[in-house]
Amino acid sequence: MRVGHEPAAVAAPAFTAAGATGCYVAAMLVENLTGHTYQQEITTRIVQPLHLRDTTAPETGTTIPGPHSHGYIAVPQPAGGTQLVDITEQNPGGGGTVSTTADLDRFPTRSAPPR
């Protein structure tokens, strides 16, 4: 901070995008260090010990079992306007998991150290 002056203005970025690169790198790191797939490690180290019955780490499958909500994005069209596209079922790639709200609620409770 400069004494006697206004704080320097910092412009916010015009666009910020989150990508999956870190997830892919983490999955590759897990596979190289353990000799098992990311999905095997997530299943044996987290899903099974915490008894998360409705959580999976699919490798390449795109189907979500059971009733579930759908996610949509508005895709701009060449002639103008947008079209809603269902993006619910897509390849999870590195780091993808599918879970239920019940399992998401159980996760912090069962994974937290005892008090």
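## Report on the predicted model

Val85 lies in strand 2 (residues 82–86), where strands are DSSP runs of E with at least two residues, helices are runs of H or I with at least four, and both are numbered from the N terminus. The structure is a predicted model, in which local features need pLDDT of at least 70 and side-chain atom pairs count only at pLDDT 80 or more, whereas totals for chains, interfaces and linings use all residues. Residues are numbered from 1 along each chain as its sequence is written, and side-chain values use heavy atoms, with hydrogens and water left out.

**Surface around Val85**

With a relative accessible area of 31%, Val85 is partly exposed; this class lies between buried (under 20%) and exposed (over 50%), with a 1.4 Å probe and protein chains only. Together with Ile73 and Ile87, Val85 makes a nonpolar surface patch of about 190 Å². Patches consist of residues with over 30% relative accessible area and no salt bridge, nonpolar side chains (Val, Leu, Ile, Met, Phe, Trp, Tyr) being joined within 5 Å and like charges within 9 Å. The protein as a whole exposes about 9100 Å², of which carbon and sulfur atoms supply 60%; accessible areas come from the Shrake-Rupley method with a 1.4 Å probe, and for residues only the protein chains shown count as cover.

**Overall architecture**

The protein has 3 helices and 2 strands, and from the N terminus on its elements run α-α-β-β-α. Of the 115 residues, 17% are buried. Among contacts (heavy atoms within 4.5 Å) between residues at least 6 apart in sequence, 53% join residues at least 24 apart.

Helix 1 (residues 21–34) contains 14 residues and reaches 20 Å from its first C-alpha to its last, close to the 20 Å expected at 1.5 Å a residue; the expected span is 1.5 Å times one less than the number of residues. Just after helix 1, Gly35 adopts a positive phi of about 80°. In strand 1 (residues 72–76) lies Pro76, which is exposed, with a relative accessible area of 63%. Apart from neighbours within four places in sequence, Pro76 is in contact with Gly81 and Thr82.

**Nonpolar core**

The largest nonpolar core has 7 residues in all: Ala27, Tyr38, Ile42, Val47, Leu50, Leu52 and Ala57. Helix 2 (residues 38–47) provides the largest share of this core, 3 residues. Such a core is a set of buried Ala, Val, Leu, Ile, Met, Phe, Trp, Tyr and Cys residues joined through side-chain atoms within 4.5 Å.

**Salt bridges**

The structure holds 2 salt bridges, each defined by a side-chain nitrogen of Lys or Arg within 4 Å of a carboxyl oxygen of Asp or Glu.

| Glu41 | Arg45 | 2.2 Å |

Glu41 and Arg45 are separated by about one helical turn because they are 4 residues apart in helix 2. Glu41 is buried, with a relative accessible area of 8%, whereas Arg45 is exposed at 58%. Asp103 and Arg106 are likewise separated by about one helical turn, being 3 residues apart in helix 3. An α-helix has 3.6 residues a turn, so residues three or four places apart point the same way.

Arg106 is found in helix 3 (residues 101–111). Both Asp103 and Arg106 are buried, Arg106 with a relative accessible area of 18%. Leaving aside neighbours within four places in sequence, Arg106 is in contact with Leu52 and Arg53, and Leu52 is itself one of the residues of the largest nonpolar core.
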